[in-house]
Structures are given as C-alpha cells and as structure tokens.
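The tour goes from the whole chain to single residues.

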Amino acid sequence: MTPTPEQFRNIEPKICTDCGKKIVEMHESYLTQCDKCLSHVEHL
Ligand SMILES: [Zn+2]
C-alpha cells in the first residue's frame with residue numbers, strides 16, 4: 001500500500017455542501033460537509 005502520485009491526483013477536493021468551502025481531508029471523506037458545518041449539525 002504505497003501511495004503514488006497518481007493516487008493523490010485522483011483525490012478531488014471535496015466541497016462542503018453547506019458552505020461551499022473545500023473540506024480538509026483529515027479523515028476518510030464520506031463527509032460532505034466541512035468541520036465547521038458539521039459542528040452545527042446535530043443529527044450526525
Ligand atoms: Zn461548511
């Protein structure tokens with residue numbers, strides 16, 4: 001499991017569905033909202 005440059009290129013920046021900002025991918029990105037918006041959502 002060696003990360004290659006091509007694999008990095010395949011990662012598209014995620015955009016927060018709430019505010020439209022780029023989501024920093026610190027975690028596995030099943031998230032569609034940035035940390036800031038997630039903190040406002042109480043359902044998750
Ligand atoms: Zn957001």
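A residue is buried if 20 or more other C-beta atoms lie within 10 Å of its own, exposed if 12 or fewer, and partly exposed in between, with C-beta atoms placed from the backbone. Buried residues make up 2% of the 44 residues in the protein.

This is a predicted model: local features need pLDDT of at least 70, side-chain atom pairs count only at pLDDT 80 or more, and totals for chains, interfaces and linings use all residues. Residues are numbered from 1 along each chain as its sequence is written.

**Whole chain.** Switch to cartoon. Look for 2 helices and 2 strands. Their order from the N terminus is α-β-β-α. Helices (H or I, at least four residues) and strands (E, at least two) are DSSP runs, numbered from the N terminus.

**Stop one: C16.** Select C16, in the loop between β1 (14–15) and β2 (22–23). Why does C16 count as partly exposed? Because C16 has 17 C-beta neighbours inside 10 Å. Now show its contacts, meaning residues whose C-beta atoms, placed from the backbone, lie within 7 Å. Leaving aside neighbours within four places in sequence, C16 touches K21, I23, Q33, C34 and C37 by this contact criterion. Next, draw a distance from C16 to D35. Their C-alpha atoms are separated by 9.0 Å, and the two residues are 19 apart along the chain.

**Stop two: V24.** Move to V24, in the loop between β2 and α2. V24 has 11 other C-beta atoms within 10 Å, so V24 is exposed. V24 and K14 are 10 residues apart in sequence, and 7.8 Å lies between their C-alpha atoms.

**Stop three: Y30.** Y30 also belongs to the loop between β2 and α2. Is Y30 buried or exposed? Y30 is exposed, because it has 6 C-beta neighbours inside 10 Å. Keep K14 selected. From Y30 to K14 the C-alpha separation is 9.7 Å, across 16 residues of chain.

**Stop four: K36.** Finish in helix α2 (residues 35–38), where K36 sits. K36 has 12 C-beta neighbours inside 10 Å and therefore counts as exposed. K36 and I23 are 13 residues apart in sequence and 9.6 Å apart in space, C-alpha to C-alpha.

Definitions and conventions:
Two residues are in contact if their C-beta atoms, placed from the backbone, lie within 7 Å.
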